[in-house]
Amino acid sequence: MRFTLLLALACSAFAQQSAPPAIVSGVCQTILDNKQIDSRPCGLNIGNEGFVPSGQAVRINHVSAYCIGPIDRNLRMVRLDTQLTNAYTDMHNTFVRMRRNEVRSPGLHAEYQGSQLVEAYAGGGLRIRATVTAELGAIAPPITCEIRFQGVTVNHISGGASMIP
């Protein structure tokens, strides 16, 4: 009887660990009108109101960003902010390298684009955020950015920051 119970528990634990990962994608949108910095939570295709579901974690594999704004304001930084736990010191910042192009039609404006492979984690019950900073300048038109990311869910061992790939 004891052997049967142990075997059932072992099979259950193995089944939970070998669950196929779910594909995760997210979108964050920021607007810098009369300010230098904007930080917004990202919407996820899993979870409620942008939160990673409890008991799961997300491994982000790719981040891309596109921003557009007036020619006289330089974009300084675009980053994706994640945490694996609630600890303040656990913040991970993924900076996205952006390329600037001047566009003359229709109207003079600047476009910024960036894309890169990453390995960042977000823990269950936490939100993924995007932060953008720019120089001050004309408040209209504002700088608008859309940051997108893709990844997969991973099994999370409760009680620590260990991950099972």
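In this predicted model, residues 24 or more positions apart account for 74% of the contacts in the chain with a separation of 6 or more. Contact here means heavy atoms within 4.5 Å. Of the 165 residues of the chain, 35% count as buried. Buried means under 20% relative accessible area, exposed over 50%, and partly exposed in between, with a 1.4 Å probe and protein chains only.

Some ground rules come next. The model is predicted, so local features need pLDDT of at least 70 and side-chain atom pairs count only at pLDDT 80 or more, while totals for chains, interfaces and linings use all residues. Residues are numbered from 1 along each chain as its sequence is written, and side-chain values use heavy atoms, with hydrogens and water left out.

Now the confidence. pLDDT is the predictor's confidence in each residue, from 0 to 100. Its mean over the chain is 84, and 82% of the residues reach 70 or more. Strand E11 (residues 163-164) has the lowest confidence, at a mean of 44, and E4 the highest, at 96. Over residues 1-15 the pLDDT is below 50, and this stretch has zero contacts in the model beyond near neighbours in sequence. Residues 157-165 also have pLDDT below 50. That stretch has 15 contacts in the model beyond near neighbours in sequence. Where pLDDT is low, the predicted coordinates should not be read in detail.

Next, the secondary structure. The chain holds one helix and 11 strands. Helices (H or I, at least four residues) and strands (E, at least two) are DSSP runs, numbered from the N terminus. Read along the sequence, the pattern is α-β-β-β-β-β-β-β-β-β-β-β.

Four strands form an open sheet in the order E2-E9-E5-E6, and the pairing is antiparallel. E2 and strand E6 (91-95) stand at the edges with a single partner strand each, so one side of each is left without a neighbour in the sheet. Neighbouring strands of this sheet are turned by 25° against each other on average, direction ignored. For such angles, axes are lines fitted to C-alpha atoms (for helices over the stretch in contact), and angles run from 0 to 180 degrees between N-to-C directions. Two strands pair if DSSP finds at least two bridges between them. Five bridges join E2 to strand E9 (residues 129-134), and the two run antiparallel. Within this pairing, Ser-39 stands opposite Thr-131 in E9.

How many disulfides does a search of the whole structure find? There are two. A disulfide is a pair of cysteine sulfur atoms within 2.5 Å. Counting bonded cysteines along the chain, the pattern is 1-2, 3-4.

Take the pair Cys-28 and Cys-42. Their S to S distance is 1.8 Å. The torsion about the S-S bond is about 95°, so this disulfide is right-handed. Cys-28 lies in strand E1 (residues 23-32), and Cys-42 in the loop between strand E2 (37-41) and strand E3 (43-44), so the pair ties together parts that are 14 residues apart in sequence. Cys-28 counts as buried, at 0% relative accessibility. Cys-42 is buried too, at 2%.

The other disulfide joins Cys-67 to Cys-145, with an S to S distance of 2.1 Å. Its S-S torsion is about 115°, so this bond is right-handed. Cys-67 sits in strand E4 (residues 56-69) and Cys-145 in strand E10 (residues 143-156), so the pair ties together parts that are 78 residues apart in sequence. Both cysteines are buried.

From Cys-67, turn to Arg-100. Their C-alpha atoms are separated by 9.3 Å, and the residues are 33 apart along the chain. Arg-100 lies in strand E7 (residues 99-103). At 33% relative accessibility, Arg-100 counts as partly exposed. Leaving aside neighbours within four places in sequence, Arg-100 is in contact with Ile-71, Asn-74, Ala-110, Glu-111 and Tyr-112. A polar atom of the Arg-100 side chain lies 2.9 Å from the backbone oxygen of Ile-71. A polar contact of 3.0 Å joins the side chains of Arg-100 and Tyr-112. A polar contact is a pair of N or O atoms within 3.5 Å; within protein, one must be able to donate a hydrogen and the other to accept it, and residues adjacent in sequence count only if both atoms are side-chain atoms.

Finally, Gln-83. This residue is found in strand E5 (residues 75-83). Is Gln-83 buried or exposed? At 17% relative accessibility, Gln-83 counts as buried. A polar atom of its side chain lies 2.9 Å from the backbone oxygen of Ala-87. Beyond neighbours within four places in sequence, Gln-83 has contacts including Tyr-88, Asp-90, Met-91 and Tyr-121.
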